[in-house]
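User: I am new to protein structures. Could you show me how to read one, feature by feature?

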Number of protein chains: 2
Amino acid sequence: MNQRVAQLIPIGVPDGRVRAVVEAVTPAVDGGRFAVKRIVGDSVVVEADCHADGHDELGCAVLYRHTSDVDWRVAPMQPLGNDRWRASFVADRIGAWRYTISAWVDAFRSWRHDFARRTDEADLRVAARSGAALIAGAAQRARDSGDRQSLERWAHELLQAAAGEIDALRRVALDAARAETAQRWPDLQHAWTHPVEFPLVADRVRAQFSTWYEFFPRSASPEPGRHGTLRDCVAMLPYVARMGFDVVYLPPVHPIGRERRKGRNNALAAEPGDVGSPWAIGAAEGGHKALHPELGTFADFRDFVAAAARHGIEVALDIALQCAPDHPYVTEHPQWFRKRADGSIQYAENPPKKYQDIYPFDFETADWRAMWDELASVIEFWIGHGVRIFRVDNPHTKSFAFWEWAIARVHAQHPDTIFLAEAFTRPKVMHRLAKLGFTQSYTYFTWRNTRHELTEYFTELAHGPGHDYFRPNAWPNTPDILPEVLQVGGRGAFMARVVLAATLSANYGLYGPAYELLEHLPREPGSEEYLHSEKYQLRHWDLARPDSLAGFIAVLNIARRENAALQSNASLRFLPIDNERMIAYAKSTPALDNIVVTVVNLNPHHGESGWVEMDLQALGLPADEPYEMHDVLGDQRYLWNGARNWVSLDPRRSPAHVMVVRRRLRREHDFDYFH
Amino acid sequence: MNQRVAQLIPIGVPDGRVRAVVEAVTPAVDGGRFAVKRIVGDSVVVEADCHADGHDELGCAVLYRHTSDVDWRVAPMQPLGNDRWRASFVADRIGAWRYTISAWVDAFRSWRHDFARRTDEADLRVAARSGAALIAGAAQRARDSGDRQSLERWAHELLQAAAGEIDALRRVALDAARAETAQRWPDLQHAWTHPVEFPLVADRVRAQFSTWYEFFPRSASPEPGRHGTLRDCVAMLPYVARMGFDVVYLPPVHPIGRERRKGRNNALAAEPGDVGSPWAIGAAEGGHKALHPELGTFADFRDFVAAAARHGIEVALDIALQCAPDHPYVTEHPQWFRKRADGSIQYAENPPKKYQDIYPFDFETADWRAMWDELASVIEFWIGHGVRIFRVDNPHTKSFAFWEWAIARVHAQHPDTIFLAEAFTRPKVMHRLAKLGFTQSYTYFTWRNTRHELTEYFTELAHGPGHDYFRPNAWPNTPDILPEVLQVGGRGAFMARVVLAATLSANYGLYGPAYELLEHLPREPGSEEYLHSEKYQLRHWDLARPDSLAGFIAVLNIARRENAALQSNASLRFLPIDNERMIAYAKSTPALDNIVVTVVNLNPHHGESGWVEMDLQALGLPADEPYEMHDVLGDQRYLWNGARNWVSLDPRRSPAHVMVVRRRLRREHDFDYFH
């Protein structure tokens, strides 16, 4: 179908002569209420059930446009059988897209289909005259295009042939090339267009594939006991870059409240000199739009962002919409906070627990419009300072309506902004946040340990109902969570968990240097809080420690960069392995030109081994020839044969293989191999 | 929640303070685009995901109304866990209903939940004052109801208790009965109501449970060779009633075209005296609103409808929207038909096949409004003559938009009208017709023969995505279809197929007397057309033939009437049986007070036997005691024990058991049984 004629499709005009219907459109999130997520350059495959009464032939097309375009572009759909149709288009620009589907009873195609089946000579002559009229109609719609004349000529020849020799008539009528020309100008006056313009967001690539390193700037000082600065952070960047991270995420960098400040290890009262929690935002020096004076100036901040960029690293900031009692908002906008019956401001609480150093915003305030505006402006403020990635603290305690509005407002101006939702809460709340616009979401990975748990959960993430909008970001630890497996599992657990995060999820991150330095002591038994947590005090880290996992993580992140298979989750498939303390899975590119098989020993204390069963057919591997498995962690090569192969992993060396699969093309090379 | 306060729920008003969301509402057909189907008196179970930010307590309610009511009624929802909520309401009137869901953050419930968990005494006193304010708010909303005073008193007492002894304060604050009163008057100013008013149709019971007998009135004459009349049909009614049918469906009763009339066995040209096909509607005597003169007068028709009613039988008419060439419409409204290029009217065709005795309506005519109006008036005309059930011939060759409009128009005035769609076409077309309003639908049952085919198909019908709108009506034969199994399977096949239809589907029908008289010869080998089909000629049937299945069918239909389990499909579950030429399944009432297990030998030629595996737990049967299986076809009783039991069926006697399951309560009766 021609591009120009698509503009003639009547959208939403009711007419009793409209016979085609379109239903069951995919992809679609909640019937088009929320956007499908893709990354720029993706080929978006759209399908629908399209049909009409009777036996006429249909024409169907996907209409699509970037929201900044006025005109729809059009992709003709192909039938898949059983009234299912498909087309795809490339989302070639970042930002918001819309698509819908139009279908129509195609008189010309129906005529041609019937004509080819006619046997009665008199009928053929009558039908030829109908066909000539249809072709003349197409010619008219072709207007001043080059097709007009040739279609007029065809209509004329067909009319003449109608009176002539019957085989010649058939040839003229069923000319395939001319039919294609006519089909470029279908009669769309009774086309039906699905009334929903389905939204789609094309994010930049880092929305789908990113590698995060979280660290506390105030612990970045090379001198123990001195408060770290943004300049110290610049000095740390080469270390982070060598490990292969492409996002550094800083906890809040704002002034820290003094009122009711928490002490070390979350003590109710701070001692003199205690630095407080960066999440207790706001003090006399300012609030969410200020920098903590001890970290440096805005010039230092700009330098840090620029230095990171030179290393190929982006800076992500924390958006924690809450206030310390001495945050300027509290006095400037007291109506944004809830009052207790005694007139004091309501602190955060979850009875019987109280968080008296934190004042939550009241999303039921009558002054919500002004509050929303101010809170969104916080994000825009930091965008103005070069930040395009935000990790949002506890988004599930702010209203859904606010986030949907705020993210849309930011994206309208800055579609390259990435929002990561830190919400470890009820699954439907996490999904709602992802639907309403968060680019990425924290997951329950942190607490999924057994093969059964990991298989079930990552199958759901990759292939479940959320796969069109929920992009997981897997974290083996955070400043809030030192999971039990890391407390008791030793080095083997640290290695296994980071391999799982990095290979199961295209987005992952970790909180360092605690992670690579194997920090594993909890505040008290049964707690998931770190002992001497950086949330409440400065720490000094010896980055050069010989037992550091920095080198291991660097190799792992190189594997992610070099293997496209690890850069999305859609292809994830788990492989059977006959030892339940091991897990195996494959990821691959659509063309199968990159396949990575990961096998992890989930027992951090002992060696485990088992037979992995490869799905040779799905992975395009030969059943009758050996293929090479190159473990990029240990840089070892194995020759595998057939479906079942033996793997043995000792956590004292490495609890995992991350193996690039290579089909071997040259026989002579095979031969060399065995010598 | 109180009924009156529900009217205060703000529907569709956007406010930033609205925090609750509602999603994933069930039941819903295409997100509320089409109606869910139920029968009057059904308890409609509605569920949704309801949640809000944070940890506050929610209130949720289903709002529902019959479309003729202005006010919504309200059913408070209960949480099922994982943010899923449920309520039900009884659709106590026939016709169109709407329902939606409202959810709100419930300040009073949240307060009470927190209060119960507080330990700090000072906090309890402050919280008591907040609670008193919330209760006072509820009192205000209670206005002039009896609750107002008692809530005011409670608020007052709570304020006083805030200063008193702490255990007494707790008692006053957490009073359960008073909390229930307060919860009747929630603060709904920030409630969120799902914007879709989900449509539901409550049909009368016969929409779900009906037993159809189709016969040709013109063959009803007791004298061979004489054209049957409606008076002859009256005389046939006792015979039909004895067999237990509650719907008699007559092929078109209108004047039959003379132009291009088809002869016996579909001969291209009729011989003098040939009666033609009743589906070639319209002649000089009139069209769709006339009676074929040889059948009788409108007075005869009224008498026939009244006589049927006395037998508990309803009359169903055929709506075949097409014309014989001499139908009055053709000359009165030539614009309703498509023209060929030679100016003649386009007859029905599917090249190279031609149906020159039939002119289809052109649903793309510019005069579609007048045509739709006239065609809908045909249905209304027969409603005026006492008909409320219509079997619609080939609805899939008329436009979807027409049917949706016409059925809605008829239902608005006559919500008790039942439409059965005769569409054996592509599955998605059949589903669309069911969605847009057809009450019942023909199925592919006619061609589903093996256990695998039947199991897969009826599982889909009972539990698949269409179960909320697609009501199957299973036919083992029709005047158009003599399936192969009946051509070759003999009496055993006729018995098995009618048992399958009658027990797998709560709606079923057959075309008689051809069926009970075992008519099995095709027009030619490989054809599914009957030899000497009544579609083209009169037939005379000897209803008293000793080999007639009339008695067998009567017993079967009595079993359907006496066993509620057979009157719907929702409970259908297939039971394993270790012989693939047999099939077994159970149906039960929700309370399990009626359970019917059917076992059919699908091999019409030989006896088969096997072990049936009962799902004892699901059917509420004891694992350790015998239970009685009463085969109501043969009136035989079997004592079964445990899950696995032996069944042997000989098609020469009966190819099926239809067994009512009876738990035996009295031990002494058991004892008798073995003596």
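Analyst: We will go from the whole chain down to single residues. One caution comes first: this is a predicted model.

User: Let's begin with the overall picture. How many helices and strands does chain A have?

Analyst: Chain A has 17 helices and 30 strands. Its C-alpha trace spans about 105 × 75 × 45 Å along the principal axes.

User: What percentage of the residues of chain A count as buried?

Analyst: Of its 675 residues, 58% count as buried. Now look at contacts between residues at least 6 apart in the sequence of chain A. Among these, 75% join residues at least 24 apart.

User: Now the strands. How do strands hold on to each other?

Analyst: Strands of a sheet pair through backbone hydrogen bonds, and the pairing is either parallel or antiparallel. Chain A gives a parallel case: eight strands close into a barrel. Their order is 11-12-13-18-19-20-21-22. From one strand to the next, the twist averages 30 degrees.

User: Can you zoom in on one pair of that barrel?

Analyst: Take strand 13 (residues 314–319) and strand 18 (residues 389–393) of chain A. They pair in the parallel sense over four bridges. To find a spot on the pair, look for D318(A), which stands opposite R391(A) in strand 18.

User: And an antiparallel case? What is the strand order of the open sheet in chain B?

Analyst: That sheet has four strands in the order 1-3-7-6, with antiparallel pairing. Strand 1 (20–26) and strand 6 (78–81) of chain B are the edge strands, and each pairs on one side only. Ignoring direction, neighbouring strands of the sheet are turned by 35 degrees against each other on average.

User: How many bridges join strand 1 of chain B to strand 3 of chain B?

Analyst: Five bridges join strand 1 to strand 3 (residues 43–52) of chain B, and the two run antiparallel. A20(B) stands opposite A52(B) in strand 3.

User: Which helix of chain A lies across strands of chain B?

Analyst: Helix 11 (residues 427–436) of chain A does. It lies across strand 1, strand 3 and strand 7 (84–90) of chain B, and it runs at about 70 degrees to strand 3 of chain B.

User: How do I read the side chains of a strand?

Analyst: In a regular strand the side chains alternate between the two faces of the sheet.

User: Are the residues of strand 13 of chain B buried or exposed?

Analyst: Six of the six residues are buried, so strand 13 of chain B is largely enclosed by the rest of the structure.

User: What are the partners of strand 13 in chain B?

Analyst: Strand 12 (residues 247–250) of chain B runs parallel to strand 13 of chain B, and four bridges join them. V248(B) stands opposite V315(B) in strand 13. Strand 18 (residues 389–393) of chain B also pairs with strand 13 of chain B in the parallel sense, over four bridges. There, I319(B) stands opposite V392(B) in strand 18.

User: How do I describe two helices that touch?

Analyst: Check the distance and the crossing angle. The axes of helix 6 (residues 230–242) and helix 7 (residues 298–310) of chain A come within 9 Å and cross at roughly 5 degrees. Angles under 35 degrees count as roughly parallel. These two helices of chain A are therefore roughly parallel to each other. Helix 6 brings L230(A), R231(A), C233(A), V234(A) and L237(A) to the contact, and helix 7 brings D300(A), F301(A), D303(A), F304(A), A307(A) and A308(A). By class, the contact has eight nonpolar, no polar and three charged residues.

User: Last topic: the backbone. Where are the cis peptide bonds?

Analyst: One runs from G512(A) to P513(A), with omega near -10 degrees. P513(A) is in the loop between strand 22 (507–511) and helix 15 (550–562) of chain A. In chain B, the bond from G512(B) to P513(B) is cis, with omega near -10 degrees.

User: And what about positive phi angles?

Analyst: D30(A) is not a glycine, yet its phi is positive, about 50 degrees. D30(A) lies in the loop between strand 1 (20–26) and strand 2 (36–39) of chain A. Its relative accessible area is 40%, so D30(A) is partly exposed. N394(A) has a positive phi near 40 degrees, and N394(A) sits in the loop between strand 18 and helix 10 (400–413) of chain A.

Conventions
Residues numbered from 1 in each chain as written. Chains lettered and ligands numbered in written order. Predicted model: local features only at pLDDT ≥ 70, side-chain atom pairs only at ≥ 80, totals over all residues. Heavy atoms only, no water. Axes fitted to C-alpha atoms, helices over the stretch in contact; angles between N-to-C directions. Parallel < 35°, antiparallel > 145°, perpendicular 65-115°, else oblique. Contact = heavy atoms within 4.5 Å. Nonpolar A, V, L, I, M, F, W, Y, C, P; charged D, E, K, R; others polar. Buried < 20%, exposed > 50% of the residue type's maximum accessible area, 1.4 Å probe, protein only. Pairing = 2+ DSSP bridges.
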